[in-house]
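Open the model in your viewer and keep the selection tool ready. We will go stop by stop.

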Amino acid sequence: MLVLARPDDPGLPALERLPAGTRAVVAHGAEDALPQAADADALLVATGRAPLLQTVWRQAPRVRWIHTRPAGIDHLLFPELIASDVVMTNSRGVFSSSLAEFALLGLLFFLKDVRRLVRNQAAARWEAYEPGALRGRTVGIVGFGDIGRAVAAVVRPAGARIVGLRRSAAPDPLADEILPTTRLLDMVARVDDLVVATPLTPDTHHLIGEAVFRALRPGAVVVNVGRGPVVDETSLLAALDQRRLRGAALDVFEQEPATMPVFLENLRRFRDGEPLLNPVDKRLGY
């Protein structure tokens with residue numbers, strides 16, 4: 001197992017728990033990785049982008065499995081990898097519950113005007129005001145996969161109506177309504193708040209842009225727990241500056257500065273010839 005990771009990667013100690021019969025070699029860049037690539041049966045990618053992976057890939061003819069620790073794979077794909085029969089897995093699902101809680105926090109932060117409460121606390125001041133409520137609002141979720149469904153599971157019990165958007169418009173027990181991706185603008189015009197939870201692909205790059213922000217109802221809260229470049233941040237800032245939105249809560253950005261258990265389980269399965277968890281479709285990009 002060839003591991004591409006930074007020297008200070010917090011996940012490296014987990015390599016001490018490798019299943020019997022496996023050996024990990026850690027490389028911090030191409031210079032370290034290339035001398036080891038020819039012997040690698042599998043790759044763990046914890047850092048780097050497509051150019052680094054492609055460089056190593058070309059010197060690693062034995063590789064049959066690649067695991068990427070983040071859920072997103074868009075930053076790692078290149079044509080030869082997409083066309084190959086090498087299995088690629090990710091850590092999908094590891095952060096879903098945490099991201100769902102962040103989405104709920106983002107919605108309530110603005111609806112309850114938490115900044116006002118903090119200011120009043122600091123000033124030792126009591127002020128009467130009318131806080132908003134999730135109950136009775138309609139929340140649209142763009143990307144109703146693992147993360148989107150986890151968001152619905154924590155937001156819906158608060159009394160919000162859930163409208164999901166995904167490729168398949170088949171009904172889902174966690175949503176009041178599911179719409180196909182072709183009806184994005186129709187969906188956002190009907191919701192009070194918007195949660196973005198879709199992966200990044202060529203089709204979703206800047207999917208949430210000026211047209212979406214203009215279609216949203218005034219005073220909407222936008223939360224992004226998907227991938228940074230899915231939201232056009234220039235258009236988002238313009239909508240905020242013009243006070244068309246109540247606020248935005250971003251867990252991800254276009255430029256961004258404990259997923260090891262999934263990798264370790266997959267490594268055991270790889271060693272034993274069992275089906276791997278979380279295979280991704282390299283052609284679709286997720």
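Start by selecting Gly-145. This is a predicted model, and here Gly-145 sits in the loop between β6 (138-142) and α6 (146-155). Colour by accessibility: Gly-145 is partly exposed, because its relative accessible area is 36%, between the limits of 20% and 50%. Gly-145 and Gly-164 are 19 residues apart along the chain, and their C-alpha atoms are separated by 9.4 Å.

Next, the aromatic rings. How many aromatic pairs does a search of the whole structure find? The search finds four. Select Trp-65 and Phe-263 for one of them. Their ring centres are 6.1 Å apart and their planes meet at 20°, so this pair is stacked. The cut-off for stacking is under 30 degrees. Both Trp-65 and Phe-263 are buried.

Phe-270 is buried, as is Trp-65. Show the three side chains together: Trp-65, Phe-263 and Phe-270 make up one aromatic cluster.

Move on to two helices. Select α1 (residues 30-37) and α2 (residues 50-57). Helix α1 packs against α2 at an angle of about 25°, and the axes are 9 Å apart. Angles under 35 degrees count as roughly parallel, so α1 is roughly parallel to α2. The crossing of α1 past α2 is right-handed.

Which residues meet where α1 and α2 touch? On the α1 side, pick Ala-30, Ala-33, Leu-34 and Ala-37. On the α2 side, pick Leu-52, Thr-55 and Val-56. By type, the residues of this contact are six nonpolar, one polar and no charged.

Two backbone stops remain. Select His-206, in the loop between β9 (193-196) and α8 (210-215). Phi of His-206 is near 55°, a positive value in a residue other than glycine. Is His-206 buried or partly exposed? His-206 is partly exposed, because its relative accessible area is 30%.

Finish at Asn-278, in the segment after α10 (260-272). Asn-278 is not a glycine, yet it has a positive phi of about 55°. Asn-278 is buried, because its relative accessible area is 17%, and the limit for buried is under 20%.

Definitions and conventions: Residues are numbered from 1 along each chain as its sequence is written. This is a predicted model: local features need pLDDT of at least 70, side-chain atom pairs count only at pLDDT 80 or more; totals for chains, interfaces and linings use all residues. Side-chain values use heavy atoms; hydrogens and water are left out. Helices (H or I, at least four residues) and strands (E, at least two) are DSSP runs, numbered from the N terminus. Buried means under 20% relative accessible area, exposed over 50%, partly exposed in between (1.4 Å probe, protein chains only). Rings of Phe, Tyr and Trp (its six-membered ring) pair if their centres lie within 6.5 Å; planes under 30 degrees apart count as stacked, over 60 as edge-to-face and the rest as tilted. Axes are lines fitted to C-alpha atoms, for helices over the stretch in contact, and angles run from 0 to 180 degrees between N-to-C directions. Angles under 35 degrees count as roughly parallel, over 145 as roughly antiparallel, 65 to 115 as roughly perpendicular and the rest as oblique. A crossing is left-handed if the near helix is turned anticlockwise from the far one by less than a right angle, and right-handed if clockwise. Contact means heavy atoms within 4.5 Å. Ala, Val, Leu, Ile, Met, Phe, Trp, Tyr, Cys and Pro count as nonpolar, Asp, Glu, Lys and Arg as charged, and the others, Gly among them, as polar.
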